Each structure stands twice: as C-alpha cells, then as structure tokens.
Amino acid sequence: MSPSATSEAAVASSSPPPRDLSQHYSIITKNRNPSKIKAFYKFARIPGISNFSGGMPNVKYFPFDTLEAQVSKADRWTPSPNDPLAETSTTTKKISGLSHATAPSGGGLLPDPDFEATSARITIPKVLNQPEPALKLDLSTALQYGLSEGYPPLYSFVRQFTRDVLHPNVPYKGGPEIIMTNGSTDGFSKVLELIVDPWYADVHPVADRPGFVCESFVFGNILSQAKPHGLQVVPVELDSQGMLAEGPGGLREVLENWDPKNGRRPHFIYTVTMGHNPTSGIQSVVRRKQLYAVASEYDLLIIEDEPYWYLQFPAARVEQAKARGLAVSQAEESYEFPKKSGFDFIDSLVPSYLNIDVDGRVIRLDTFSKTVAPGCRLGWITAQPAIIERFLRITEATTQQPSGFVQSLIAELIKGPQPAATVAAFNALSLKDKVIFSGWKMDGWVRWLAGLRGEYERRMVLMCSILEENTFQLKQSTPVRQTDAEWGVITKTRLLTFDWAHGGMFVWARIHFENHPLFEAKGVDIPVLDGPTLAVAFLIFTTHAPNLVLGSPGNIFSATPEIMAERGWRYARLCFAAESDENIESGSRRYVSALQKFWRIKDVADIEKLVKELPTS
C-alpha cells in the first residue's frame, strides 16, 4: 500500500460513524423486515445447484436475443472552460463558444458534430458462454428477477463514481452507500415513505401535523407528492445562493419561532442546490455549512435533490459582468477538500452537502434524466448505510429494481470501452463482490458530462445575451417647440430583471408589471388591472402570432398560496434546454419583442380580452 493510501485509510478509520437517525423513520419503515424471498436467493447462487425453489421464468423464452443501440461517444460535445477567466484568447473563446461576440456563426452555439463519426454501437447478448450463473453479464441477468439494489455492472459503476469521484470526502466512517431508483420522483416518493407518517385533517390533531422546509419557490411536483401525505409546506426565503440560513425569513428564524399549535416543527429540508429549479442559483459551500449547522442543531434531515448538479456555469458571472460593464468578480470562495476526484471538471464544481455531512443526515437524489434522457426513468439515492438499508427494504416490497432493459443499456453506455483486464477482473468476482467492485475507468462518463455542461452553458449565454439587450424600454419624447427640434428626452423603463443562470436549465426573470402603463388601471369587466392580471395577459399575449413563445408563470412554483398571491405573478421561468438550436435565438428574440410590444398596449379592453382567453379549468 502506498503512503498516500495508508494515510487515507488512517483518516477513514478515525472518522466517527454516522449518527443513528432512526427517530425520523415512519412507523411503516420501522416495521419493515428483510424480504424472506430475497434472503433465500443466496442459496440459488451456489455453483451447480438445481434451483427448483424460485418462480423465475425460463430465460430461453425471453423474446429478446440481444439489446443493441447506436450511442454517442463520450467526446461528441465540446466542454466549456472550468475557469473562464483563464481562457483569454479569441481562439479559445471560439472553440468553447462562450463569448457571444467572438463565437462561431449561428448565434453563439457550436455547429453540430458529425453524428455518424461520433457514435458507437453497443450489443448486449442474451446469454454468455458462462456456466456459473453468478458470473453472467447479459440479458439473462438483466431481464431476470434480480437484486433490489440494482443491476450489478451498473450498480458497481455508479457506487464507485459516487464514492470515489463525486463525493470522496464524506466525513463519516465507511462513507455512503447507494441504491438505484426509477428516477428522482421515485426517489423522493421513497423518502416520504421512509420518514413521513401520513396526517389527515379529519383524523389527526393539528398539533401532530408533520411538515418540511423548502425554498419559497420550488418545483411544483414536489408539492404534489408531499401534500397527499398531509405534510405542511414551510417556505424559507432564498437569494441567488438559494435558501437563507440566517436573517429575516431564514431557516433559523423559521425554526426558532415555530408555534407548536401549527403542527410539529419540520423535520426535514427539501432543496435543489445546484441550478435551483426555478431560480437557477448555485449554493456556496459557506452557505451549505451555515444551513447544515442549523439543520444539525434542530435535527433536520437534508434531502438534496440534484438533477442539474453537473450543469454549473462558471461563465455566468463573467459574461454577466461583461454585458453590464462591471468588473468581473473572483469566485466566491475556495472549497478545498483533502481528496480530489482525479478529474478537473468534477473538482471545479461546487461540492455536495455530503462532503460536510458529519452526522449522516444528508439523503441525496441523483438522476440520469438530465445526463442521458428522462424516459429512462433511472437514478440513485446516496446516504449513510443504515438509511440505504431502509430504502432497500422499501424497494423490495414496492418497485423492486429498475427496468433491466434500461439498467443494462445505461450500464454499457456510461461504462464505455473498458480495459480487457478490468472486465476480466469484474467477471471473475462472485455476485456479492461484483456490487462493491471499484476498478472501473470513469474517464468516458466524466468527459460526456463535461461536454453536456459546455452545450447547456453556451445555450444559457445565448439566451441571457438576448435578454440583456432588452431589459429596458426606451422612448423618445416629441419636442413641443420648434426651437427644441434638435433635442429630445429619452425615458428608460425597466421591463426585466434577471441573473444570468449560474446552473441548471432555466432563467428566472422578474417582469416589472408595476411599470406597465395600465398597472392598477380601472377595468370594465375586471375591477382593477393589478399585477396578477397583467401577468396572465402577458402570458397569453406571448402565445399569439407572431410571438409564439411560452414561458412558465412564476406562480406555479410558489411554495404556498400566500407566496403565489404576494409575488409569484412577478416572475417567469424560461428554459434554454429543450428547444432546437435555432429556436434558442429566435424564440428568445420573439419573447423580448413580445415584452416590448406588451408595454405599448394602452387600451384596458385589450388586456381584458387577453385574460378571457385563459382556460378556467
């Protein structure tokens, strides 16, 4: 063992174990026992045994002889710089595509590569010539009943990636474990089953109502999942770095001033810290430490949902400063940890809560939805081993492992070409040892992630550059006297305020409806044209030709009805991810054009007509 490895082993052995947090478990979670059927499987793995005990169908009758796909090579997309300030030459800017002024033609986006030349073919056979069942890596393994943790080749790769690359500095003894899920929605559903006893208004007293903390603006599907459990949504204010730890509306203030008459004090936090949906903020390590300290003090679990974690955009602060004629600020902080991932791209990203999780109170949700495709419905949970064991019990009795088709294809895709010796070493292991195998090469998968970040970052820069040019409406007055003909007064009305997206897939725009000429005007069918009314009218107006563009209204992301009524209507979320390259530019220009035109509407009747188009159900 090398001196460095010895040193790391010593540090790991001296780390404290994670805390026992079983007080957070729901009653049903506490009552779950290991599956007796699954426990019996170990005997079926005895070499040469004739297994008459199970209920598995015969592999011969699976109507698939192979699974084959033509897939992208890892280097199809061009990465963007980890440190934009270090990229100073015009040539480099052209290659990265980040400077709107110097980028290639096409509006700042790079031309598509040769898809045929940047693709490869993968084939997964039905059966390999391998007599020992435990050593088979084929469709007979992937499509058969299997381990609830996940398909061994995929599980072992993701486990190694999680422990050694993403989060090599987890401070509790032994480090975290993982379990595969059917995506983050499934992951959060299992979190709710793990830690929430349902509450019903007609059955339980108000004082027993459970609750959870989230940002004041949050992805609506989380609320849809939480509310049927009777959970009370407790919003905390946020800024460009996400949830506030201290100060008015911050986490500490909310918990310190909690009134038990309103229910039990919240016992977990739900948060998206990287490319927050919908506000696109990135949470610094300093802020994480502040929030973690409060969570530890009040014994809250932290559910860290990170679908956009790899989409952190260092170009945002640089390009925003340049566009606004400001000095480019340095990175907010240094967040040095003892261990590196071995990849510059990964080390450049703001690290997860897991790296400061001394108590073992962080449950992280990851997904392949944004890095491969949403339809694959595949992800994983990372947490301390005792919590993962409880997730395993839930999985055994509910979804079982994710689709074998999906797992096998994703495994081949993200592993990419591996050295023959690595594959041989994996194949030589027992099934038990396969799941903890840690010899995979990660280079291809990390390169793919870096390329994706580059593509989405360039899209962000393009959209934000166009928005930046249209944040104001300029109007020149007509001189009253002939002697003033050479002079005119230009008025400047702010229409839009936004931060360039520091991560994720969205721009969160504040639209200043209070500056509209008809704001608070008396209507005919509508008593007063207030902010919410103008927001609805603008939403409908953008869908009319020639505008033909649609953003998400901010009110659908409001954590509570009070926030929706107070300020949700002020915002719109614009996604730069899904549209075609051409539409990123043309659609963004149509959006700001619609904004300018909407401000020229002077007739109350026109606003009322637009509002009437909104469906009532």
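Analyst: For the classes used here, Ala, Val, Leu, Ile, Met, Phe, Trp, Tyr, Cys and Pro count as nonpolar, Asp, Glu, Lys and Arg as charged, and the others, Gly among them, as polar. By these classes, the largest cavity is lined by five nonpolar, two polar and no charged residues. The model examined is a predicted one.

The lining consists of Met243, Ile269, Thr271, Gln283, Leu291, Ile302 and Tyr353. The space inside the largest cavity is about 30 Å³, and the count of cavities of 30 Å³ or more comes to one.

Tyr353, one of the lining residues, also takes part in a contact with a charged side chain: arginine 288 lies over the face of tyrosine 353, at 5.1 Å from the ring centre. Another arrangement of this kind involves arginine 324, which lies over the face of phenylalanine 498 at 5.3 Å from the ring centre.

Because phenylalanine 541 belongs to helix α18 (residues 531-543) and phenylalanine 598 to helix α20 (residues 581-598), the pair ties together parts that are 57 residues apart in sequence. Phenylalanine 541 and phenylalanine 598 are both buried. These two rings also belong to one aromatic cluster, formed by Phe513, Phe538, Phe541, Tyr591, Phe598 and Trp599.

Terms used
Residues numbered from 1 in each chain as written. Predicted model: local features only at pLDDT ≥ 70, side-chain atom pairs only at ≥ 80, totals over all residues. Heavy atoms only, no water. Helix = DSSP H or I, 4+ residues; strand = E, 2+ residues; numbered from the N terminus. Buried < 20%, exposed > 50% of the residue type's maximum accessible area, 1.4 Å probe, protein only. Phe/Tyr/Trp six-rings, centres within 6.5 Å; stacked < 30°, edge-to-face > 60°. Lys NZ or Arg CZ within 6 Å of the ring centre and 35° of its normal. 1 Å grid on protein atoms, 1.4 Å probe; cavity = no way out; pocket = protein on both sides within 12 Å on 5 of 7 lines; lining within 4 Å. Points joined across faces, edges and corners; volume = space filled by probe spheres on them.
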